[in-house]
Amino acid sequence: MIVSYSWVMALSAAIFAIGVAGVLLRRNILVMFMSIELMLNAVNLTFVTLARRMGSMDGQVIVFFVMTVAAAEAAVGLAIIISIFRNRETVNADELNLMKW
Amino acid sequence: MAIDLLIGAIKAIVILLLVLNLSAVLLWFERKGSALIQDRVGANRAAIFGIGKRMGLPNLGLMNTLMADPLKLFTKEDFVPEGADKFLHALGPFLALFPVLVTFAVVPIGDAIQIGGRTVQLQAASINAGALYILATIGVGVYGVALGGWASNNRWALLGAVRATAQMISYEIAMGLAIISIVITFGTLDLQNIVHQQGGVWFGWLPRWGIFLQPVAFVMLLTAGMAESKRVPFDLPEGESELIAGYFTEYSGGKQACFMLTDFAEVVLVAVLVTLFFFGGWQVPWLYGDGFHLGVHQLLLPRVAVVIVGVLAFWIKVVMFCWLQILVRWTLPRFRYDQLMRLGWKGLVPLGLLNVLVTAFVVVLATGAGR
Amino acid sequence: MPVQLFIFLAVVSIASSLGVVVQKNPIHCLLALILTLITIGALFVALDAVTVGFLQIIVYVGAIMVLFLFVIWLLNLQAEPVPIGHLGLKFFATIAVAAMAAELFVFLSKTRTALGEVNVAAGYGSIDSLAQTLFGQYLMAFETTSILLLVAVIGAVAVARRALPVRASAGSPRPGAPS
């Protein structure tokens, strides 16, 4: 058997689905954040696979930018989480419901 | 295909054994060398079956350091502190040692040799992006320290681990900038190619080594490398007189041996990197592919002898730089933590950036590269 | 890439991503995420994107995950108890995720091209060609990204900083100053 592009795309779809499940089913904000990183990486894998299929470098440049933006987002998001923890002493998403009706 | 796999496996095993043995010998260097520097005797007790006692052989401390100590370490009781995470406690030493040993896969120890019509590179993995691989594996080495401290359920170990992690990620940047300057100078990421470009001489006598092209990067790489391996003067995370043993306080037996081995394997790694990038790797001055050529004199040698001389030269240079690090360790006092961080962020990083800028300008102006 | 390598990397990455989502101790989740990222980096290298693969390990595993680790330490998060409740959310979330996964599988499995059938240029994925494209066609995006990183650093420091202490004598107004 030879590896075809659809296999790698299916793998990235699976990782993306697992990431979505993590965001929806876990209540710990940090684990939800990690699941978001999983989703970003699944998308990176898709980009690289398609870039290889098309033989162009544009996909890899996009992956480079996604990585950079993910780093920036992780920094700011974690700072927000620290700030929330200082005020509310919890990282459980259920208890952060001040803006709920 | 099978022959290629076999050759690759043999190369990997050989280089692994070389590094592990050199680390063990370095342990002996360190103990006896520090004793020499500090005007004391050092380890001289253990001798098995009284071998050479009358000849004064135990005074060398070889039996003590190379056989008795490892034997003791591996037969000690291996306990996990109460309340500690067993899995992470066992994972810590592995995550610390594995990346350091794996880095040696891309290190070229000699020129290519011909075996039975097949060209064999003396490099376990000949990849095009060797320098990037080194940066990647050094980055992963942070986790062993972090998990070792966290999993010990001991607040001083955790303190050591937090300090160590912050220090290591800070000095990774300085190391990366030094390596970037070298890559810009030589125009390639491939380590064997970088070593090849350091052959030959200028003006008939000065070898074309990287140190004459990038002296600032040499100082940066040496400093950042010593900070990465948490050796004095950067050993506050280990803090032998303050935190007992810092992040590996709660480790005994084989796991402590792994952490010690990591320390010495990183010493070898820094020495190897400095040799490869700045001192010509396996290149010997005036030694070309077919023998020595100095002006009009020449000494022709068979190809195998040339390669063996290159390999010996490489390891001699590596041992010299290991000795330099041991000397520095036993000469300088320890930095305070804020001094350490200040040196990393306010000293080395701006210097590294400036070096990259100047290097890029000079390379573009000198070679007209790029458009 | 050889089939065995792909199957190995696929199994490890799926197992570790499941580990991220399922485990109770946040540090175990972090370790599973690190394993996933390293596996995906290996997949990148196997797909000829060598520079991006190593950059993934240097940037993601070496820096961003250390950031996560520091936050877990700072907040001293322990293993959480098994969560109960939200059964409605979990039920519908599972159905939604399964439906999305099935749809993705169907759409993304259309192509049958094998990896070896497409020949790429000689320097594909090397740092040379990545740099040519990045600094040639995408220069504006690159410069904007560097400004973005600067903003993110400043923002993170500003958000996570403790409030500055109020000086004791700040209450009384200066004589002659408008109050």
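**How chains B and C meet**

Q: How many residues does the contact take from chain C and from chain B?
A: This is a predicted model, where local features need pLDDT of at least 70 and side-chain atom pairs count only at pLDDT 80 or more, while totals for chains, interfaces and linings use all residues. Residues are numbered from 1 along each chain as its sequence is written, and chains are lettered from A and ligands numbered from 1 in the order in which they are written. Two residues are in contact if their C-beta atoms, placed from the backbone, lie within 7 Å. On that basis, the contact takes 14 residues from chain C and 16 residues from chain B.

Q: Which helix gives the largest share of chain C's side?
A: Helices here are DSSP runs (H or I, at least four residues), numbered from the N terminus. One of them, spanning residues 50-75 of chain C, brings 11 residues to the side touching chain B, the largest share. That's helix α3 of chain C.

Q: How many charged residues are on the side of chain C that touches chain B?
A: Asp, Glu, Lys and Arg count as charged; Ala, Val, Leu, Ile, Met, Phe, Trp, Tyr, Cys and Pro as nonpolar; and the others, Gly among them, as polar. Sort this side of chain C that way and you get 11 nonpolar and 3 polar residues. The charged count is no residues.

Q: Why does α4(B) count as roughly parallel to α3(C)?
A: Helix α4 (residues 130-140) of chain B packs against α3(C) with their axes 9 Å apart; axes are lines fitted to C-alpha atoms over the stretch in contact, and angles run from 0 to 180 degrees between N-to-C directions. Angles under 35 degrees count as roughly parallel. The pair qualifies because of its angle, which is about 25°.

Q: Which residues of α3(C) does α4(B) meet?
A: From chain B, the partners are B:Leu132, B:Tyr133, B:Leu135, B:Ala136, B:Gly139 and B:Val140. On the α3(C) side, look for C:Thr51, C:Phe54, C:Ile57, C:Ile58, C:Val61 and C:Gly62.

Terms used:
Helix = DSSP H or I, 4+ residues; strand = E, 2+ residues; numbered from the N terminus. Parallel < 35°, antiparallel > 145°, perpendicular 65-115°, else oblique.
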